[in-house]
Amino acid sequence: MQRIGHSCSRRHALAFGSGILVLALFVVGIAASARQGGRKVGYDDTPFLPGGKWRVHDGTRPQPRVIDPGTLSTQEAPGKPPSDAVVLFDGTDLSKWQTDNGQPARWKVENGYMEIPKNGGTLITKEPFGDCQLHVEFATPDPPQGIDQGRGNSGVIIMGRYEVQVLDNYQNETYPDGQCASIYGQYPPLVNASRKPGEWQTYDIVFTAPRFEDGKLVKPAYLTVFHNGVLVHNHAEVLGAMAHRALPRYTPHDSKGPLVLQDHGNPVRYRNIWYRELKGYDEP
Ligand code: MG
C-alpha cells in the first residue's frame, strides 16, 4: 500500500512536473516566436486590429512560411515554379493529365512543351482543385492559320467550367468577349496584351471558386488574370459556367474540380503549368 501510495504521489509529481514543463515550453515558444535571432520584434502595447486577434505590428503573429519563389520564364526557357506549387506540367510528361473519359492523355510532348495533335481531345487534370493561383504558358501556332475564332483557339477551363480563352489575337479580330484572355462569353480582357504567334505567353490567374449552400449559389466565382504580366481582369465576378451563344449560369458543384485544356482543333502549345492552393493569412 505504502509502495503504491508512494509511486502514486511520484506519478502525480511527475505529471505535475511535466505539466509545468509543457507550460514553460509553451511560454518560451511564444517568447521565441516574438524574437528574431534573439531580438524581440514588434509591439505588445499597440491597438488590436479588427477581429481582436492580432495587435498592430504584433510580434507574436505567425511568421509567414518561407518558400523559394522560383524564377520567371523567358522565351527561351520556362521559369522555375515556386517551391510550394503543385506542378501539373514541367515539360516532360502528361502523368498528371487524362482525357475526358479517363483514358491516357494523347497530346504530343516534345522539346519541353505539349502540343494539341489532331484529334488530341480535351486534356483534364487527374486531381481536382479549387481556390488557386494558376500559372499557364501557351504559344499559338506559327505561322498562323485561320481567322477569328479559328486561329489558335484553345482554352484554360478552371473546374471544367470557367474559361479563360486562349486564342491568337495578334492582328486577328474577333468578338471582344471571346478574344484571348477573355472570360469567355462574359468579359473581354481590359487590354489586348497578346504576343505574336509562336511566342510564349503567360497567364497568371487568381481564382476563387463559387460557394453553394443547399444547392444555391451564395457567392460567385472571382477571377483576377494577368496576361503576359498585364492585368486584364481585376477581381471579375464570374457570371456562371462558360457558354457559347447563351447566357452563363451556375449549377451547383463541389469545391474542387479539374483543370481542363481545350482542344479546339488548333495545334496550340503549352508549357510550365502549376498552381498554388490559396490559403488565408496566418495559416501554417
Ligand atoms: Mg476556347
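1. The protein chain holds one helix and 17 strands; helices (H or I, at least four residues) and strands (E, at least two) are DSSP runs, numbered from the N terminus. This is a predicted model, in which local features need pLDDT of at least 70, side-chain atom pairs count only at pLDDT 80 or more, and totals for chains, interfaces and linings use all residues. Residue numbers start from 1 along each chain as its sequence is written.

2. An open sheet is built from five strands in the order β4-β7-β16-β9-β10, with antiparallel pairing. Two strands pair if DSSP finds at least two bridges between them. At the edges lie β4 (97-98) and β10 (162-166), each of which pairs on one side only.

3. Within this sheet, β9 (residues 154-158) and β16 (residues 260-261) are joined by two bridges in the antiparallel sense. I157 has V260 of β16 as its bridge partner.

4. Of the 284 residues in the protein chain, 30% are buried, meaning that 20 or more other C-beta atoms, placed from the backbone, lie within 10 Å of the residue's own. The largest nonpolar core has 48 residues; such a core is a set of buried Ala, Val, Leu, Ile, Met, Phe, Trp, Tyr and Cys residues joined through C-beta atoms within 7 Å. V156, I158, Y162, F207, L223 and Y270 touch the most other members. Strand β8 (residues 132-139) supplies the largest share of this core, five residues.

5. Leaving out residues up to four places away in sequence, L223 touches Y162, I183, I205, F207, H233, A236 and V238. Contact here requires C-beta atoms, placed from the backbone, within 7 Å. Of the contacts in the protein chain with a separation of 6 or more, 57% are between residues 24 or more positions apart.

Notes: A residue is buried if 20 or more other C-beta atoms lie within 10 Å of its own, exposed if 12 or fewer, and partly exposed in between; C-beta atoms are placed from the backbone. Two residues are in contact if their C-beta atoms, placed from the backbone, lie within 7 Å.
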